[in-house]
Amino acid sequence: LASLLLAQGDLRAARPLFERALAIREAALGPRHPEVATSLNSLARLLTDQGDLRAARPLYERALAICEAALGPRHPRVALSLGNLASLLLAQGDLRAALPLYERALAIRETALGPRHPDLAQSLNNLASLLQDQGDLRAARPLFERALYIREAALGPRHAEVAQPHQQSARAGEIL
């Protein structure tokens, strides 16, 4: 319900539901369970959408720490958490801190998921967007091209994510 309310733009109504889900998961599963990280990511996304980037950051950082400890440093969910934190850092204007997180997320996904997985396209697009924002168009282009190729192969040439890949960019974040 909280995710639906978030999608509908009712951030005020979604927040207590995300907070309740987090509290339930922590009580039922323990504070270090990967599903707690999912709830942390969701609440952090809501806070980000509300413009409270300062409050969102420790939640993203905690989610990342939980995933790394519970799943290992090379798990795809670690890549997701890295991407979320990097997107927040980018939104805060800290491109320098976001860069190694996007690079690590890309390396994890390429190794864990293979060279043609759609989630790899997300990481390629995130890194390319950051490089573009830094003015490094030469480095960004092959990443964008590869992301487009992967999306077309996986989703078909007429899919919405192929037609408008910028909507899936680093600025949008990746929430599980």
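**Close-up 1. Buried residues of helix 3 in the predicted model.** The buried positions are P34, V36, A37, T38, S39, L40, N41, S42, L43, A44, L46 and L47. Helix 3 is thus named as mostly covered, with 12 of its 16 residues buried. The elements that cover these buried residues include helix 1 (2-7), helix 2 (11-29), helix 4 and helix 5.

**Close-up 2. Span and end of helix 3.** Helix 3 runs over residues 34-49. From its first C-alpha to its last it reaches 23 Å. That is close to the 22 Å expected at 1.5 Å a residue. Just after helix 3 comes G51, which takes a positive phi of about 90°.

**Close-up 3. Crossing of helix 4 and helix 5.** Two packed helices are described by the angle between their axes and the distance between the axes. Here the pair is helix 4 (residues 53-71) and helix 5 (residues 76-91). Their axes come within 9 Å. They cross at roughly 160°. An angle over 145 degrees counts as roughly antiparallel, and helix 4 and helix 5 are therefore roughly antiparallel to each other. The crossing of helix 4 past helix 5 is left-handed.

**Close-up 4. Residues in the contact of helix 4 with helix 5.** Helix 4 contributes L53, A56, R57, Y60, E61, A63, L64, C67, E68 and L71. From helix 5 come R77, V78, S81, L82, N84, L85, L88, L89 and A91. By class, this contact has 13 nonpolar, two polar and four charged residues. Among the charged residues are R57, E61 and E68 in helix 4 and R77 in helix 5.

Note on methods
Residues numbered from 1 in each chain as written. Predicted model: local features only at pLDDT ≥ 70, side-chain atom pairs only at ≥ 80, totals over all residues. Heavy atoms only, no water. Axes fitted to C-alpha atoms, helices over the stretch in contact; angles between N-to-C directions. Helix = DSSP H or I, 4+ residues; strand = E, 2+ residues; numbered from the N terminus. Parallel < 35°, antiparallel > 145°, perpendicular 65-115°, else oblique. Left-handed = near helix turned anticlockwise from the far one by under 90°. Contact = heavy atoms within 4.5 Å. Expected span 1.5 Å × (residues − 1). Buried < 20%, exposed > 50% of the residue type's maximum accessible area, 1.4 Å probe, protein only.
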